[in-house]
Amino acid sequence: MNVSIHGLDRHYEQQITHLAQLFIEEPEILWGEQEADLHVSFELLSNLKARASLRHASLEQPLTTLFSYPEWSMFDRADEQKLMKRVLNYLFVDVMEQWSGLKQPWGVLTGVRPTKLMHQMRRAGLNREQIRKELKDLYRVSEEKVGLLERIVERQLAVLPDLDELDRGVSVYIGIPFCPTKCAYCTFPAYAINGKNGSVEAFLAGLHYEIEATGKWLTDHQIPVTTVYFGGGTPTSITAEQMDALYETLYDSFPAMNQVRELTVEAGRPDTITPEKIEVLKKWNVDRISINPQSFENETLQAIGRHHSVEETIEKYKMARDLGMENINMDLIIGLPGEGPKEMARSLEETEKLMPESLTVHTLSFKRASTMTKNRDKYKVATRDEIAEMMAMTSSWTEDHEYAPYYLYRQKNILGNLENVGYALPEKESLYNIVIMEEVQTIIGLGCGATSKWVEPGTGNISRHANPKDPRTYNERFKQYTEEKLDKLNELFQYATK
């Protein structure tokens with residue numbers, strides 16, 4: 001469907017496009033007086049006040065709404081252009097909800113990190129009731145989602161009481177870009193372990209170099225490391241011997257590993273887990289792993305390209321538990337092709353038999369570069385109402401089993417305009433997940449496809465630096481990228497060099 005926008009210049013194109021996508025699949029946005037299926041007009045009035053109207057062939061009369069930026073708002077009033085953007089967002093969502101009958105649970109929010117917004121309001125000095133009013137009456141967030149944010153923020157502050165002071169330290173992400181196969185929904189750097197995308201040994205040599213150089217810098221400048229997270233890809237795709245050597249380099253290079261609060265390894269693919277690899281993880285005090293079923297339906301696993309069975313997931317989970325792993329996360333995805341509430345109920349029943357320490361519930365997102373998106377007609381997914389029902393099922397299940405939500409993020413093109421939520425039993429939350437989602441600390445990205453996120457101490461200003469995504473390019477240039485990161489660390493942590 002195409003939508004014509006009147007009364008605004010194209011400065012607002014990105015925000016209008018993102019909001020239109022909440023209501024219309026693949027909308028075409030037209031500007032000015034052009035013929036279109038749907039017409040939305042804006043009239044900019046004085047004092048941060050505007051009017052919007054919507055015309056469609058199904059309507060006898062245009063829908064209209066008026067809104068001005070409220071005087072009672074206490075959050076972030078410095079930039080008038082930003083405030084006007086909020087007014088226009090409010091108006092567009094208002095008329096689109098009236099026309100479509102779709103109520104957006106997250107209101108005008110299209111960003112990844114709504115919990116970060118709540119933390120910003122908290123740091124600005126707003127109390128609980130003021131924050132609730134801002135989110136509900138200005139951002140149009142539903143009562144249910146405001147309550148979810150409150151629970152998550154409260155849990156984060158209990159788990160990390162020094163959350164607001166973490167900017168003088170760092171966390172480290174280490175990317176292993178190999179998997180047995182690539183899942184249909186995936187856009188992460190993930191290459192077949194036996195493929196032609198560069199030598200595994202050559203990649204690991206470069207990664208050892210990055211770890212050693214970065215660890216030396218952190219040690220020399222006495223910068224504390226809060227968490228270390230091995231992701232990918234699948235970090236357990238490499239051999240037990242290669243894992244052992246990598247972790248030995250980590251311990252030899254990084255300052256005070258015994259003071260790192262959390263060491264996580266994503267053992268996400270059950271078909272990569274062996275007793276030998278579990279023993280390596282235990283040897284190096286890895287205190288959290290993920291074993292991710294995604295679904296407990298064999299037909300679904302086959303459809304999305306995960307070459308393991310439900311039975312193998314259960315077997316490997318029990319093996320890891322029997323060998324002494326005491327903090328295991330599992331991921332489930334709502335809305336995988338062919339799945340509805342019945343399949344979700346079965347996945348939750350199977351999860352109940354295992355009771356992992358944490359459960360991350362993702363809502364399927366059609367990511368632009370994924371195989372699933374490129375062949376979307378082949379994949380039948382649940383309706384918006386079914387997605388909402390499945391999300392409600394997981395929320396009730398986690399509450400009944402004493403899991404608390406502790407982090408949340410959203411994605412573009414996420415089904416039902418919902419969210420991904422991490423739940424955990426008490427004291428089993430992933431600290432790394434909190435740190436990366438709330439963007440309170442620099443995260444140094446090492447390895448193929450890893451992105452460093454620089455959070456400037458004191459100001460919170462954010463910038464990024466990305467390593468190459470493919471192993472061959474990484475193998476050729478890892479020294480250059482390492483030096484660039486060390487230069488940035490020198491700039492960020494100037495106070496530590498004096």
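Visitor: Which strands does helix α2 lie across, and at what angle does α2 run to β5?

Guide: In this predicted model, helix α2, made of residues 80-100, lies across β1, β3 (38-45), β4 (49-56) and β5, and its direction is at about 155° to that of β5.

Visitor: What is the order of the strands in the open sheet of 5 strands, and which are the edge strands?

Guide: As a general idea, the strands of a sheet pair through backbone hydrogen bonds, and they do so either parallel or antiparallel. Here the open sheet has the order β2-β1-β3-β4-β5, with mixed pairing. Its edge strands are β2 (28-31) and β5 (63-68), each of which pairs on one side only. Neighbouring strands of this sheet are turned by 20° against each other on average, if direction is ignored.

Visitor: How many bridges join β1 to β2, and do these strands run parallel or antiparallel?

Guide: Strand β1 (residues 2-6) is joined to β2 by 4 bridges, and the two run parallel; as one example to find in the structure, I5 has W31 in β2 as its bridge partner.

Visitor: Which residues touch the most other members of the largest nonpolar core?

Guide: In soluble globular proteins, nonpolar side chains tend to be buried together. The largest nonpolar core in this model has 130 residues, and those touching the most other members are I5, F42, L135, Y139 and L207. Helix α2 gives the largest share of this core, 10 residues. Because domain 1 (2-159) and domain 2 (170-492) both contribute residues, the core lies between them. A second, separate core has 17 residues, including L160, M437, V440 and A450.

Visitor: What does L135 touch, leaving aside residues up to four places away in sequence?

Guide: With those set aside, L135 touches L117, M118, M121, R140, V141, V146 and L149.

Visitor: Why does Q294 count as buried, and why does E402 count as exposed?

Guide: Q294 counts as buried because its relative accessibility is 8%, under the 20% cut-off, whereas E402 counts as exposed because its relative accessibility is 62%, over the 50% cut-off.

Conventions
Residues numbered from 1 in each chain as written. Predicted model: local features only at pLDDT ≥ 70, side-chain atom pairs only at ≥ 80, totals over all residues. Heavy atoms only, no water. Pairing = 2+ DSSP bridges. Axes fitted to C-alpha atoms, helices over the stretch in contact; angles between N-to-C directions. Contact = heavy atoms within 4.5 Å. Buried < 20%, exposed > 50% of the residue type's maximum accessible area, 1.4 Å probe, protein only. Core = buried A, V, L, I, M, F, W, Y, C linked by side-chain atoms within 4.5 Å. Domains from an automatic or database assignment.
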